[in-house]
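Open your viewer and get the selection tool ready.

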Amino acid sequence: MTLETVISEAKDIVNKVVPDSVELTRIEFEGPVVVIYTRNIDVFADNQDIVRQLAQGLRRRVAIRPDPSLLASPEEAEDIIKGLIPEGADIQNIYFEPETGEVTIEALSPGLVIGKQGTILNEIKKRIGWVPKVVRAPPIPSKTVEEIRQYLRTVHDERQDFLHRTGRRISREPSPGEQYVRVTSLGGFRQVGRSAVLLTTRESKVLIDCGVDVSSENNGGPYLNAPEVMPLESLDAVVLTHAHLDHCGLIPILYKYGYEGPIYSTPPSRDLSSLLQIDYIKVAFGEGKKPPYESPQIRKAVKSTIPLKYGETTDIAPDVRLTFQNAGHILGSATTHFHIGDGLYNVAVTGDIKFERTWLFNPAVNKFPRVETLIMESTYGGYHDVQPSRQEAAKRFRAIASRVLGRGGKLLIPVFAVGRSQEVMLVLEEAMRRGEIPRAPVYLDGMIWEATAIHTAYPEYLNNQLRTQIFQTGENPFLSTVFERVDSSDKRANICDDPDPCVVLATSGMMNGGPIMEYFKAWADNPKHALIFVGFNAEGTLARKIQKERREITVNDKGKPLTLKLKMDVETIDGFSGHSDRLQLLNYVGSMEPRPERVLVCHGEEHKCLDLASTLYKKFGMETRAPMNLETVRLK
Ligand SMILES: [Zn+2]
Ligand SMILES: [Zn+2]
């Protein structure tokens, strides 16, 4: 539907349901959303039914905004807000979002901002024109969230242009003719790392994920030079499942080679990816390698991201609609569902999934309106990949921690900054608080603190229990005094030399660089200490080599090789993983509604992909395949 048709249909619908006096001042596409500006915002606010009817009639997401001429300047509005809200509300932050005409008021006591029966809020609305949104201030301020917010404000005009352009492109008339649906595996098939899938229809091209293989020496990326992908300008959209580097690591490179379009991701995935991408190029520089992109491309990616919450359905191309659902894997991780054509076909891509409730998240969603083909991960899809439960894993963790801390040793835990570290933090905090293990400082090194702060900035993405705990003063486990942030190399050196027992959580998770290496070099030859793996280690990484019982390890020490005799204990605790084990993967498919006709298996070592594919075929009689990279499968 072109902009002209949308404008005339929107006017018709509004005329039918609201009084003539309602004035629509402008109708625009902003990315996938039809934005209607009006001088009578109250009429719409009081009658959500009109908005629903508009969305149904236009078959689009609709946003109603106050006409910009009605808005007080942010400075003036801020003074008015502060004047009206009682001091006890403890305002932490006020920020304006010109894109939506909303002002967010972050306070420690949101009830006092709202006032009795909303009196204060209504008064604010009347005086400033902006639509006020009141939220509880996040308990740990995040630099990343703050910087991204500020950056988006400075590029507001540019971003508006970008959103209008994107909206028009989505609304182009599809070309007539036979329709088809294909997927091409560009990376992360029969392997873990460099995930990328291309979804092609007669009309559009959508790239799902664009990851890096961190175990590769030369920035191993997906096959972006495949003829189906080129030129990158021809892509309609990039969709990100979650913020791990094997899914988001090379997205900025797309902007270096000609892509100008949008990235769809959940809001936490946008923030976490930029944090991890910045760190990724920093680590590369630190090791004397040339990173594949630089910070301007990361900024461009942030500017081009269209955030989407779970369950919000959105057009991303003339014949493709996208819906994210919780994947239970890390903060903001999503399973992506694509509805193609008018009821033509449906594809879901799991991304990485955890089909079990964890300390942090609800289990992955496996109910969809329709799915014919499922593309699913198989990290632990092999025959022997049955993992202990979360409870058993925690028990084993406490036993090892007691033993090592009790003998005056140190626990060194390599973790991804996002996901596993927060789970391990919660287990450690609880065990120390209850006296189940000796109390010792827990040092967090390498972005873990910042990643944790981002978790508390998006409480709606955590499971209910943790969300409540975080906001009950004094009970936020992440704010416990056992945690200490390491933010300088001096502090790191002191911890390395300190003789007292402690726990260190540091990145990178698979020990291919990052601050973990400093602690490892300092403690590797001391049998009193222990190295504990809690996550998945890809083939080719140092962590995997250590797990395979190599006892002489050569590492890079300021550009020179250094050989270490490994005498510290090495333990692997299964059950902490953010990935479903084999049984959970089978349950995910078995209880899926509706059951898909076809499953394409990816994101696993070769034999695991093949094993899971054949088990699914035998168990459920569905068509299954484990494509290699660079295969194209026609789905319809
Ligand atoms: Zn992941
Ligand atoms: Zn992954």
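Predicted model: local features only at pLDDT ≥ 70, side-chain atom pairs only at ≥ 80, totals over all residues.

**Stop 1: the metal site**

Start by selecting the zinc ion (ligand 2) and showing the side chains of its protein donors: Asp246 (OD), His247 (NE2), Asp352 (OD) and His603 (NE2). Draw the distances and you'll get 2.1 to 2.2 Å from the ion to these donors. In sequence terms, the donors follow the spacing D-H-x104-D-x250-H.

What are the angles like among the 4 donor atoms? They run from 90 to 163°, and the site comes out as irregular.

Aspartate 352 bridges the zinc ion (ligand 2) and the zinc ion (ligand 1), and the two ions lie 3.4 Å apart. Colour by secondary structure here, and you'll see that the site brings together distant parts of the chain: aspartate 246 belongs to helix H9 (residues 245-248), while aspartate 352 is in the loop between strand S16 (345-349) and strand S17 (373-377). Those two aspartates are 106 residues apart.

**Stop 2: a sheet with helices across it**

Next, select residues 24-30, 33-38 and 61-66, which are strands S1, S2 and S3. Together they make an open sheet of 3 strands in the order S1-S2-S3, with mixed pairing. S1 and S3 are the edge strands, each pairing on one side only. On average, neighbouring strands here are turned by 20° against each other, ignoring direction.

Zoom in on S2 and S3: they run parallel and are joined by 6 bridges. To find one pairing, click valine 35, whose bridge partner in S3 is alanine 63.

Helix H1 (residues 3-17) lies across S1 and S2, at about 135° to S1. Helix H8 (residues 156-170) also lies across S1 and S2, but runs at about 75° to S1.

**Stop 3: a helix pair**

Finish by selecting helix H11 (residues 267-286) and helix H15 (residues 448-457). Their axes are 10 Å apart, and they pack at an angle of about 170°. Anything over 145 degrees counts as roughly antiparallel, so that is how H11 and H15 are arranged.

Which residues of H11 and H15 make the contact? Show Asp271, Leu272 and Leu275 on H11, then Glu450, Ala451 and Ile454 on H15. Colour this contact by residue class and you'll have 4 nonpolar, no polar and 2 charged residues.

How values were computed:
Residues numbered from 1 in each chain as written. Chains lettered and ligands numbered in written order. Heavy atoms only, no water. Axes fitted to C-alpha atoms, helices over the stretch in contact; angles between N-to-C directions. Helix = DSSP H or I, 4+ residues; strand = E, 2+ residues; numbered from the N terminus. Parallel < 35°, antiparallel > 145°, perpendicular 65-115°, else oblique. Contact = heavy atoms within 4.5 Å. Nonpolar A, V, L, I, M, F, W, Y, C, P; charged D, E, K, R; others polar. Pairing = 2+ DSSP bridges. Donors = N, O, S within 2.8 Å, 3.2 Å for Na, K, Ca; no water. Tetrahedral: all angles 85-135°; square planar, octahedral: opposite > 155°, others 65-115°.
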